[in-house]
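Trainee: Could we go through this structure together? I would like to begin with the ligand site.

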Amino acid sequence: MISSPFSSSSSSVPPTSPADPLLSVRDLRVVIDGLHILHGVDLDVAPAGVTALLGRNGAGKTTAVKAVMGLVPRTGSVRFSGVELSSLPTHLVVRHGIGYAPEDRGIFAGLTVAENLRLAERGARGETGADEPNYPLVHELFPELKQRAGQLAGTLSGGQQQMVAIGRTLLNRNRLIIADEPTKGLAPKIVAEVAEVLARAAEAVPVLLVEQNLALVRRLAGTCAVLADGRTAHRGDTAELLADEEAARRLLGVGSRHPLAGGPRPAVAPAAPVVTAEVKP
Ligand SMILES: Nc1ncnc2c1ncn2[C@@H]1O[C@H](COP(=O)(O)OP(=O)(O)O)[C@@H](O)[C@H]1O
Ligand SMILES: [Mg+2]
């Protein structure tokens, strides 16, 4: 049983019912250098487990999570645990307890695992009231990080690097983790490791998972939102979406019976099976 990373209480946060979304994004818009990148993103993140943010390359997924974190200028509503965050700068957004593992992982290759974790320690935090970095939780979920504390992060496998990236977000007793394409560019075997990393993390803290690997999404995410051309094109149950061949093809560019979607295996295996749905050049 995983111990809760949450601090005991926070009097400034209005009460929410267990059925309420933890994060509720409405009409999120982003304009950068005069370019309209997001034109109306709606997204609800469930208060437990994994919620997926899906969409083809260039749909606006990374921009949407950056907008939630305050890393790009945004308008619209971003309510987290009943508190409106849309006008806050990033350093105050993170204080409310949102941990972000960016698309490139943001690992310092020349530092050890322990040093990477130590750099992520935020110390005393107003909103969640936690003082001590939660090493017990990180080491309980990812014992390898303890065993490999002295190893240079650049020499870790892709899966182990994701443990560091996700471990850093858990260290700070966050109440939500946002992971942007954690399986991007990884070999199939490593993708399976990362799936395990995410499943373990989601036992402790709800996760918003940006992902193109539909087999992984099918396995982990109960609900999803799909972006297309900078707006939300679909929201709902992940299994239902992936069971709908036509909708999956239209929204995600891949049929749900495709091996990428984790559906029934084809009679003849493809010569060079591809597990990730990564289609960037
Ligand atoms: N800083 C930026 N300046 C100009 N265009 C950008 C910027 N960031 C993202 N874009 C564009 O916005 C669109 C959405 O990008 P992104 O959010 O990275 O999509 P995704 O993560 O879904 O692949 C793309 O067309 C991308 O080229
Ligand atoms: Mg992206």
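Mentor: Strand 2 (35–45) and helix 1 (61–69) each supply at least two residues of the shell around ligand 1. A residue belongs to the shell if its C-beta atom, placed from the backbone, lies within 6 Å of the ligand. Helices (H or I, at least four residues) and strands (E, at least two) are DSSP runs, numbered from the N terminus. This is a predicted model: local features need pLDDT of at least 70, side-chain atom pairs count only at pLDDT 80 or more, and totals for chains, interfaces and linings use all residues. Residues are numbered from 1 along each chain as its sequence is written, while chains are lettered from A and ligands numbered from 1 in the order in which they are written.

Trainee: Which element gives the largest share of the shell around ligand 1?

Mentor: Helix 1 does, with three residues.

Trainee: And which residues surround ligand 1?

Mentor: They are I32, D33, L35, I37, G55, N57, G58, A59, G60, K61, T62 and T63. By class, four are nonpolar (Ala, Val, Leu, Ile, Met, Phe, Trp, Tyr, Cys or Pro), two are charged (Asp, Glu, Lys or Arg) and six are polar (the others, Gly among them).

Trainee: Changing topic, where does V191 lie?

Mentor: V191 is part of helix 7, residues 188–204. The C-alpha atoms of V191 and N213 are separated by 8.9 Å, and the two residues are 22 apart along the chain.

Trainee: Why does V191 count as buried?

Mentor: Because V191 has 22 C-beta neighbours inside 10 Å, and a residue is buried if 20 or more other C-beta atoms, placed from the backbone, lie within 10 Å of its own.

Trainee: What does the secondary structure of the protein come to?

Mentor: The protein has ten helices and ten strands. Of its 281 residues, 43% count as buried.

Technical notes. A residue is buried if 20 or more other C-beta atoms lie within 10 Å of its own, exposed if 12 or fewer, and partly exposed in between; C-beta atoms are placed from the backbone.
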